[in-house]
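Here is a short tour of a protein chain for someone who likes to know the cut-offs behind each term. Please take a look at the model, and then read on.

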Amino acid sequence: MWIPDWLYERLPLIYLAAGAACLWVFGLTLNGLPSALLFFAAALRTFTLRRVERRAGPLQSKQRLPYVRDGKRRAPRYARN
């Protein structure tokens with residue numbers, strides 16, 4: 001992943017804090033309210049997507065994961081006709 005795990009796990013809380021900061025700094029103005037709503041929406045979306053993926057588990061995930069053999073990542077092989 002291109003960001004550290006500790007930051008990835010805290011992103012919904014960071015989005016919530018940024019939304020609250022926008023409301024605190026700008027108030028309910030034309031600048032503050034849309035910015036805060038976007039941050040709150042990002043936090044809610046990130047939280048729900050992670051919750052759904054964690055409940056689905058690795059076997060029910062829709063994404064195909066490459067398998068690892070001998071420490072090397074390879075694409076899955078399919079049966080040929």
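The report below goes from the overall fold to single residues and their contacts.

This is a predicted model, in which local features need pLDDT of at least 70 and side-chain atom pairs count only at pLDDT 80 or more, while totals for chains, interfaces and linings use all residues. Residues are numbered from 1 along each chain as its sequence is written, and side-chain values use heavy atoms, with hydrogens and water left out.

Let us begin with the fold. The protein chain has 2 helices and 2 strands, and along the sequence they come in the pattern α-α-β-β. Helices (H or I, at least four residues) and strands (E, at least two) are DSSP runs, numbered from the N terminus. Helix 1 covers residues 5-26, and helix 2 covers residues 32-56. Of the 81 residues in the chain, 14% count as buried; here buried means under 20% relative accessible area, exposed means over 50%, and partly exposed lies in between (1.4 Å probe, protein chains only).

| Residue | Relative accessibility | Class |
|---|---|---|
| W24 | 74% | exposed |
| F26 | 42% | partly exposed |
| L33 | 36% | partly exposed |
| T46 | 18% | buried |
| A36 | 1% | buried |

Now for some distances through space. A36 sits in helix 2, and its C-alpha is 5.5 Å from that of C22, 14 residues away in sequence. Between F26 and A36, 10 residues apart in sequence, the C-alpha distance is 9.4 Å. L33, also in helix 2, has its C-alpha 8.8 Å from that of G19, 14 residues away along the chain.

What does the side chain of T46 reach? At 2.7 Å it meets the backbone oxygen of A42.

Finally, the rings. R50 lies over the face of Y8, 3.9 Å from the ring centre; a charge sits over a ring if NZ of Lys or CZ of Arg is within 6 Å of the ring centre and within 35 degrees of the ring normal.

How values were computed. A polar contact is a pair of N or O atoms within 3.5 Å; within protein, one must be able to donate a hydrogen and the other to accept it, and residues adjacent in sequence count only if both atoms are side-chain atoms.
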